[in-house]
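I opened this notebook to keep track of what I looked up, one entry at a time. Each entry begins with something I wanted to know and ends with what I found.

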Amino acid sequence: MLELKDVTAHYGTSQALFGMSLSLQAGEVATLLGRNGMGKTTTINTIMGIVRASGGSIRFDGQELVGRPSFRTANLGLGLVPEGRQIFPNLTMMENLVATASNHLGLPDPWTVEKVFALFPELATRIGSMGNLLSGGEQQMLAIGRALMTNPRLLILDEATEGLAPLVRRRIWEALTQIRGQGMSILVVDKNLADLMKIADRHFIVQRGQVEWSGTSAELAADEAVRRRYLEF
Amino acid sequence: DVKIGFVTTLTTPAAVIGNDMKNAVDLAMEHLGGMAGDTKLEVIYGDDGFAPETGKQATDKLVKQDNVDFVAGYIWSHVLLASRKSVLDADKILISANAGPSQMAGQLCDKNFFSTSWQNDQTPMAMGEVLNKAGVKSLYIMAPNYAAGKDMTAGVERTFKGEIKGKDLTKWGADAQLDFSAELAKAKASGAEGIFVFYPGAAGGAFIKQYDQAGLKDTLPLYSVFTVDALSLPKLQAADFKAVLGSKTTQEWDPTLDNEANKKFVADFKAKYGTYPSYYAAQSYDAIMLIASAVKAVGGDMSDKDKLRAAIKAADFSSVRGKFKFGTNNMPIEDFFLREVVTDADGTWTTKVIDTVYTDHVDPYAAECKMN
Amino acid sequence: MPTMSKRGWITLVVLILLAVLPPLFYLGGQAFYLDLATRLVILAIAAVSLNLILGYGGLVSFGHAAFVGLGAYAVGIPAHHWLYGGWDAIATLSGWLHIPLAVGVTALFALLTGLVCLRTKGVYFIMITMAFAQMVYYLIVSIEEYGGDDGLVIDSRTELAFFDLDKPLQMYALCFLSLLVALGLVRMIVNSRFGMVLQGAKGNPERMATLGFNTYAYRLTAYVISGAMCGYAGALLGNFTTFISPEMMDWHRSGELMFMVILGGAATTIGPVLGATVFIVLEEVLSSLPHPFGIYWQLPFGLLLILVVMFIRGGLAGLFSGRKER
Amino acid sequence: MTAVLKVEGLNKSFGGIKATDNLNLTVEAGELHAVIGPNGAGKTTMISQLCGTQIPDSGRVLFKGRDITRLAPHRRAHLGITRSYQITSLIMEMSVLDNVALALQAREGHSFRFLRPARSIAHLRDRGRELLARVGLADKADQATVALSHGEHRRMEIAIALASEAELMLLDEPMAGLGTQESLEMVALLKGIKGKHSILLIEHDMDAVFALADRISVLVYGHIIATGSPDEIRGNEAVQHAYLGEE
Amino acid sequence: MDTTLLVIQVLNGLQLGLLLFLVASGLTLVFGILDFVNLAHGSLYMLGAFVCASLTYALGNFLLAVVVALPVVGVIGYLTERVVARSLYARDHLDQVLATFGLILVFDTSAHVIWGPEGIAVPLPDWLNGQVALGSGLEVPTFRLLIIAAGLAAAGGLFWLVNYTRLGMLIRAGASNRTMVSALGIDIQMLFSLVFALGAMLAGLAGMLIAPITEANIGMGNSIIITAFVVIIVGGIGSIKGAFIAALLIGLIDTLGRAFLDDLFGLFMSSAAAENSAPAVSAMLIYLIMALVLALRPQGLFPPKVR
Ligand SMILES: Nc1ncnc2c1ncn2[C@@H]1O[C@H](COP(=O)(O)OP(=O)(O)OP(=O)(O)O)[C@@H](O)[C@H]1O
Ligand SMILES: Nc1ncnc2c1ncn2[C@@H]1O[C@H](COP(=O)(O)OP(=O)(O)OP(=O)(O)O)[C@@H](O)[C@H]1O
Ligand SMILES: [Mg+2]
Ligand SMILES: [Mg+2]
């Protein structure tokens with residue numbers, strides 16, 4: 001479904017991605033793992049067209065994404081929960097949810113505000129609050145809800161559980177497992193490896209802007225050496 | 001070769017005046033064939049940008065860089081005041097073709113400074129006399145809030161004998177006030193028998209239109225100075241603002257003045273530029289003609305300043321005003337006429353002289369001038 | 001000496017050119033160019049002072065022309081009284097009076113308005129500084145004693161110990177030296193601990209407060225320093241032009257100072273000088289094009305400004321910075 | 001033990017929401033006191049009131065017995081209170097080292113010092129580098145702050161908090177955004193300074209909390225519902241229910 | 001004091017206020033919402049006036065000219081956005097200030113080249129040219145009532161657009177985080193172009209409406225832009241409601257100041273002194289108001305929820 005081949009990216013003159021390659025099947029949950037500053041966020045932003053790829057190719061359902069403006073990428077069915085939440089601070093919570101909502105692909109049974117509130121009851125009480133006045137965790141939930149409201153086929157979550165209480169975090173993983181059952185693919189960057197191992201099919205370990213290792217959860221669980229080497233725990 | 005620097009406003013909306021002056025200067029040069037006797041004349045223009053500081057800079061440049069012998073022009077009193085020192089300190093001749101601040105007629109008069117226009121107070125003083133004669137008992141006054149505006153209101157108050165019902169000085173300068181709704185409402189409510197205004201340049205047209213829209217023509221007759229002129233009339237005619245027809249202004253010159261120089265000037269100007277010349281144009285034309293006469297008189301020799309000054313003071317040229325004479329303070333001693341806005345034979349709106357208000361009028365500051 | 005950066009070299013070259021060229025022009029009989037350079041250098045001082053708060057402090061003052069104007073009036077008003085008011089006493093010590101007066105008055109004005117203005121942020125700050133400047137403008141316009149709208153001609157220049165300001169070369173020398181001092185002063189300030197706080201407060205005021213800095217006090221201090229420095233430039237300008245008018249403090253003038261700083265490169269040492277130079281020189285060159293191009297000079301000038309902004313990041317100084325991106 | 005920080009009956013509401021509701025809390029000298037609670041419970045709001053960027057509606061905040069309820073933030077910093085931000089708050093235009101050096105500079109009294117170039121003041125720079133090394137950013141010291149990744153920004157937050165050497169540190173989710181490995185390092189780091197400073201720690205990372213805290217308070221709807229040792233809290237049923245979920 | 005006069009002056013103030021609102025609302029849209037400082041907004045006002053003036057002569061009817069001129073100005077705004085503004089959104093406000101100052105010079109000088117310095121007077125159809133009697137002795141120029149009506153309509157429409165439509169939400173969202181809006185699938189660039197064009201049309205409309213009163217002239221943009229900024233600052237940047245209230249406030253204060261300040265001053269000083277100081281103070285008035293408002297409320301009367 002999603003395939004990156006030898007993608008490179010630069011910030012000005014400094015290179016951040018050095019030939020990133022990975023692929024993701026429909027209905028799969030995959031993770032990007034790696035230490036701080038290794039290029040996970042950059043990879044995601046390159047897929048979304050926020051950072052311009054300087055080389056390589058990114059294909060989504062056979063369509064080339066490199067060089068495509070990010071709104072067109074999004075309209076192909078990629079939903080982003082960005083690092084650092086990036087809630088619209090000057091919109092109310094409800095407006096944050098509905099402003100960019102869409103169903104470009106005409107998916108049956110699309111996401112609605114009610115469904116999001118069912119997932120995050122905490123949000124239901126803060127409908128009229130301005131985005132910037134929400135607590136860190138509320139913003140994070142909202143960011144996820146907002147992405148879901150665009151009815152993506154591939155959901156990309158960058159540090160989506162940062163700042164969430166354990167209970168909520170667990171609920172998110174549960175929800176994702178559920179969604180994935182409905183044919184959605186998911187790409188996650190997160191630091192809670194323990195949780196991820198439970199729900200993810202495939203892992204990519206990123207090191208200096210490249211995939212250094214990839215494999216299934218079982219393989220990762222089995223391969224202590226890799227864990228020690230790249231993730232060190 | 002004799003070089004003349006000519007400072008006027010060529011940018012901003014006020015450039016409408018500057019262009020008219022420039023046209024007149026170009027026409028004068030054409031009439032002279034570019035020569036004053038055997039001496040070639042050259043004109044270099046400077047733009048004051050409607051601001052004293054810029055005007056002074058332009059003047060400095062003409063004096064220091066282009067090394068001109070005369071600096072002429074100047075629409076605005078404050079620009080002239082600011083630039084005066086630059087010219088006079090360099091011992092060059094300064095000739096105002098419009099601005100007439102009281103200081104320069106009085107305390108600050110100078111042997112090197114001449115005017116081909118008037119002193120600010122004179123024109124409104126003439127209007128005051130007109131009002132007295134017409135039996136106007138009470139008056140409302142409006143003018144921009146700057147030096148000449150204050151001079152103008154002082155001028156009319158000096159001679160008008162009736163009651164002043166109210167006076168508004170409105171914001172002027174780069175962001176001048178052009179919407180006069182509040183003032184016109186006050187004027188109307190004041191019950192005055194007439195309204196006196198001074199709004200030069202673009203503001204004049206704006207004022208007339210609002211005066212028209214407010215329907216004041218019958219209740220509050222308009223008496224203006226430097227407001228209705230050959231620059232605003234074509235626009236007003238194009239927009240068909242008939243209210244201005246019949247309105248009265250005073251002036252020292254008019255296109256209908258019956259003398260050879262003026263006939264030629266007006267006819268050629270119309271032929272060349274398609275419009276009537278304004279008094280700004282007439283005064284600028286005179287300024288160049290005055291310079292040319294002096295240069296010719298001294299045979300192009302600019303070194304003997306005394307001789308040059310004497311030649312200028314003699315004013316031996318045929319002015320479009322018919323006669324031209326300098327007073328002791330080097331300001332003209334001249335007649336002032338009452339003019340009315342009329343339609344000419346071709347249907348074009350213009351002015352004509354209907355009365356002479358002053359004959360050989362001397363400005364009220366001449367006595368303060370220590371030069372003799 | 002450590003090796004000099006590219007921008008350091010540019011600074012040096014620009015300053016050397018400014019030191020050498022104008023006097024050469026003057027001696028070569030082109031007095032007008034010295035005048036032009038004098039004006040340029042004075043405006044550069046004002047721009048440098050503005051850069052201190054605008055570039056390094058993020059305080060975009062849209063009222064700096066008021067400081068220039070007040071500084072100039074601090075020369076003009078005493079001179080006026082001396083000539084027309086019979087205050088002979090002040091004539092003999094005019095240098096001792098004018099300069100401290102200009103600096104003092106503007107510092108005080110900066111302090112008083114700064115107390116209010118600095119409560120606001122961003123664009124609100126821009127506009128409130130402009131509001132105060134406009135008030136001064138209209139105040140001066142309404143004082144007829146000092147010419148109101150017509151302005152005031154300064155008939156006698158300030159008398160100083162080593163410089164005779166009636167001599168164009170000496171006038172220029174003083175202005176140029178003042179520029180050097182101003183540049184040095186601003187450089188010293190921004191690199192000092194005070195300067196670090198000022199720059200930090202530009203980036204993230206709340207963080208600075210929780211670190212323990214009273215950002216208001218630091219900003220106010222910078223504002224006063226900048227205002228006083230600009231007032232000094234105003235005193236020079238008054239002496240140079242020998243004509244002052246409220247026009248000098250019109251918002252357009254404040255805008256021009258701002259544009260010089262941004263054009264040259266805010267928060268760089270030489271930026272304001274570069275900006276002032278390009279601004280003045282271009283204005284001069286374009287407006288002396290033959291008629292009628294000369295009167296439309298603002299068209300190419302405007303286009304140039306747009307192009308510079310669109311294609312050169314960080315102003316003209318950005319052209320010469322070692323760093324490519326940012 | 002003496003209380004460094006005492007919060008009495010603190011209230012703060014935003015429109016209809018009571019973000020802080022009669023909150024009472026004590027931080028003893030040298031203790032590491034963790035505050036946990038669900039999202040939106042009012043933890044960050046509490047910190048903001050303690051450091052002075054928000055002013056409570058009512059109640060008192062006492063620092064070493066002194067009432068600081070309405071003191072300006074910079075004055076509290078002078079008294080010895082520092083905070084880190086949950087949502088990264090750095091001076092992006094300056095270099096990484098400058099950010100830390102400013103924090104160090106803040107401790108040295110006023111900065112109305114105009115003469116010496118701040119970047120040549122050796123002790124500030126050296127100590128700054130030392131701190132950056134401690135959070136693993138030694139090689140990034142001279143980079144522009146914007147050019148760092150999110151996790152690196154989070155670590156800068158911590159370096160800055162450490163730089164202040166404040167008597168009381170208010171840390172708002174310092175572990176958030178760190179990788180597993182970095183979190184462990186951070187726990188070690190905090191262990192190292194524990195005891196020297198009083199620390200109020202807000203964290204959703206329970207492993208870290210239980211590893212570090214001397215005492216834990218649980219904040220729900222602006223109100224402390226339980227305070228106790230880690231074991232007491234782990235065993236507390238209400239806490240399990242409101243926050244941790246079945247474990 | 002004469003009540004009729006007071007009523008007339010209040011109406012005059014309203015008319016000025018609504019005109020200011022038209023300019024300020026476009027400015028606040030572009031500035032508050034796109035976060036783009038457009039100094040050249042006043043030039044669009046001027047262009048509106050000139051285009052409409054020329055068209056009035058070409059088409060022989062003022063209202064028809066307005067209808068045609070509006071899209072023309074919209075297109076000018078659109079092109080301005082595409083060519084200049086777009087690449088500057090991500091920049092510092094200061095860069096925008098400098099570039100749009102350049103734009104002012106370009107627009108104003110172009111107008112000077114095209115239409116000359118003299119300005120154009122715009123004739124009105126007869127039915128708009130007269131006065132309407134609103135009561136005994138209470139006559140108001142018809143056209144000024146039209147301005148009031150147009151201003152109110154624009155205010156209502158905008159308020160609805162920004163606050164109650166999805167388009168409005170998107171615009172506001174785009175202001176705070178362009179990248180994110182785009183990453184969520186919205187063509188933000190197109191949206192911004194449209195907003196810019198809308199702002200241009202509002203300013204242009206104001207210019208068209210004032211032209212029959214003051215004429216179209218090349219300096220007109222620069223004299224209104226500062227007042228428009230004052231309005232949006234006093235109102236709170238980005239707030240349509242704030243702009244509306246501040247515009248009316250400033251329109252009224254300015255008009256009433258000009259109308260009654262000298263009488264007021266006359267109460268406690270000599271009439272000569274009053275005559276002298278009243279114009280200066282009334283010119284200063286809006287700045288005084290702004291300084292006062294900001295001193296008390298540093299974010300304006302209706303602070304934006306977030307900036
Ligand atoms: N300035 C404000 N105006 C209105 N509501 C606010 C404001 N600040 C916070 N809130 C609300 O108060 C509640 C407490 O927020 P706070 O940020 O303190 O939560 P928190 O405990 O830090 O949560 P998290 O763990 O998710 O960061 C939240 O519901 C939040 O939306
Ligand atoms: N805006 C930027 N400018 C320059 N360099 C950047 C920028 N953003 C990130 N980088 C650099 O690119 C590299 C990769 O950053 P990225 O944000 O992709 O890391 P990450 O793996 O997501 O890390 P983290 O876990 O901390 O979020 C880092 O070395 C970082 O310093
Ligand atoms: Mg990341
Ligand atoms: Mg929080």
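In which helix of chain C is Leu12(C) found? I noted first that the model is predicted, and then located Leu12(C) in helix α1 of chain C, which covers residues 6-27. Next I looked up its accessibility and found that Leu12(C) has a relative accessible area of 38%, so I wrote it down as partly exposed. I also found Leu12(C) in a nonpolar surface patch of about 940 Å², whose members include Trp9(C), Val13(C), Ile16(C) and Phe25(C).

**Entry on chain E**

I then turned to chain E, where I counted twelve helices and two strands. Reading along the sequence, I wrote the pattern as α-α-α-α-α-β-β-α-α-α-α-α-α-α. The radius of gyration of chain E is 20 Å, and because this is close to the 19 Å that the globule rule gives for 307 residues, I recorded the chain as being as compact as a globular protein of that length. Along the principal axes, the C-alpha atoms of chain E fill a box of roughly 65 × 50 × 35 Å.

How much of chain E counts as buried? I found that 65% of its 307 residues do. When I looked at contacts in chain E with a separation of 6 or more, I saw that 77% of them are accounted for by residues 24 or more positions apart. For the surface, I noted that chain E exposes about 9,900 Å², and that carbon and sulfur atoms supply 69% of this area.

**Entry on the magnesium ions**

Which residues coordinate the magnesium ion that is ligand 4? I found Thr44(D), through OG1, and Gln86(D), through OE1, at 1.9 to 2.1 Å. Thr44(D) lies in helix α1 (residues 43-51) of chain D, while Gln86(D) lies in the loop between β6 (81-83) and α3 (96-106), so the pair ties together parts of the chain that are 42 residues apart in sequence.

For the magnesium ion that is ligand 3, I listed Thr41(A) (OG1) and Glu83(A) (OE) as the protein donors, lying 1.9 to 2.1 Å from the ion. Here Thr41(A) belongs to helix α1 (residues 40-47) of chain A and Glu83(A) to the loop between β6 (78-81) and α3 (93-99), so this pair ties together parts that are 42 residues apart in sequence.

Definitions and conventions. Residues numbered from 1 in each chain as written. Chains lettered and ligands numbered in written order. Predicted model: local features only at pLDDT ≥ 70, side-chain atom pairs only at ≥ 80, totals over all residues. Heavy atoms only, no water. Patch = residues over 30% accessible without salt bridge, like charges linked within 9 Å, V, L, I, M, F, W, Y side chains within 5 Å. Areas by Shrake-Rupley, 256 points an atom, 1.4 Å probe, with all protein chains shown as cover. Salt bridge = Lys/Arg side-chain N within 4 Å of Asp/Glu carboxyl O. Helix = DSSP H or I, 4+ residues; strand = E, 2+ residues; numbered from the N terminus. Buried < 20%, exposed > 50% of the residue type's maximum accessible area, 1.4 Å probe, protein only. Rg over C-alpha atoms; globule rule 2.2 N^0.38 Å. Contact = heavy atoms within 4.5 Å. Donors = N, O, S within 2.8 Å, 3.2 Å for Na, K, Ca; no water.
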